[in-house]
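Please open the model in your viewer, with the sequence panel alongside, and follow the stops below in order.

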Amino acid sequence: MTRTLPAFLQSDHISSRTRTALLERMEQEQGQRNHLSPEAFQLLELVCDDILPQAPLLGELHLNLAVMIDQALAGPGDGWRFADLPTDMAAWEDGLASLELYARGLFGQDYASLDTDQRGTLLDRAFDGSLPVNAQAPFSASQMKLWSGDLRNQIVAAFLAHPIAQERLGISSSLTGGDKEIQGFSAESLTKKEAFEPENERRFSKMG
């Protein structure tokens, strides 16, 4: 499916280098699985939607975050990993395989067959380290806790990196200047927008 380009990508407040990087992300997201096994990737697609439902923000449009993560796993990464986990690609294969086995151990069904509440319980228990012992799973409960943090971070990071999500959320951090000069921002308030920023309303979390 061809994506409609966000209007801010045509702004003279964005450099050609940044524009190219954002366009590459859009192209990447519409690509195919290249690195994770088919089983791991299929499960990752479900987990991405469970952890970050997109419909409230994007409506019928759906970004394939699993593809973005699959591509990122083969890249240089951020240069570090937990000592108790293997390298990134192996960690994601083992983590997703373990999630499937913990689902069967807890509920007697594979992950795809679980209802929303069961999936939520499983993901929450993985995140807080309270999964029961499962000798078949490659990862222990403590390892699942570490990996689950990476899982959630990567899903959110992939979503926020996509230009369409940035446009819908009113994120304009890329609009610091074009190729000739750094134009920057002059507004001193988070709620006051510059004339060149996307018109979409900025979203803020309400605390308390």
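Helices here are DSSP runs of H or I with at least four residues, strands are runs of E with at least two, and both are numbered from the N terminus. With that in mind, colour the chain by secondary structure and read along the sequence, where the pattern is α-α-α-α-α-α-α-α; the count comes to eight helices and zero strands.

Before going further, note that this is a predicted model, in which local features need pLDDT of at least 70 and side-chain atom pairs count only at pLDDT 80 or more, while totals for chains, interfaces and linings use all residues. Residues are numbered from 1 along each chain as its sequence is written, and side-chain values use heavy atoms, with hydrogens and water left out.

**The whole chain**

Colour next by accessibility, taking buried as under 20% relative accessible area, exposed as over 50% and partly exposed as in between, with a 1.4 Å probe and protein chains only. Of the 208 residues of the chain, 40% count as buried. If contact is taken as heavy atoms within 4.5 Å, then residues 24 or more positions apart account for 65% of the contacts in the chain with a separation of 6 or more.

**Helix 1 and the segment before it**

Select residues 16-29, which form helix 1; its 14 residues reach 20 Å from the first C-alpha to the last, close to the 20 Å expected at 1.5 Å a residue, where the expected span is 1.5 Å times one less than the number of residues. Which residues of helix 1 are buried? They are R19, L22, M26 and E29. Looking down the axis of helix 1, you will find these buried residues within an arc of 90°, so they line one face of the helix; the arc is that of the directions from the helix axis to the C-beta atoms. The buried residues of helix 1 pack against helix 4, helix 7 and helix 8 (163-169), whereas R17 and E27, on the other side of helix 1, are exposed.

Now step back to S11, in the segment before helix 1. S11 counts as buried because its relative accessibility is 13%, and it touches R19 and L175, not counting residues up to four places away in sequence.

**From the loop into helix 5**

Select G75, in the loop between helix 4 and helix 5, which at 35% relative accessibility counts as partly exposed.

Helix 5 has 20 residues and reaches 28 Å from its first C-alpha to its last, close to the 28 Å expected at 1.5 Å a residue. Its buried residues include W92, L96, L99 and Y102, and the buried residues of helix 5 pack against helix 2 (38-51), helix 4, helix 6 (116-128) and helix 7. Just after helix 5, G108 takes a positive phi of about 70°.

**The largest pocket**

For the last stop, select D78, W80, D88, D150 and Q154, which lie nearest the centre of the largest pocket among its 16 lining residues. A pocket is an open set of points, on a 1 Å grid over the protein atoms alone, where a 1.4 Å probe fits, with protein on both sides within 12 Å along at least five of seven lines; lining residues have an atom within 4 Å of a point.

Which helix gives the most to this lining? Helix 7 does, with four residues, and helix 4 (65-73), helix 5 (88-107) and helix 7 (141-161) each supply at least two.
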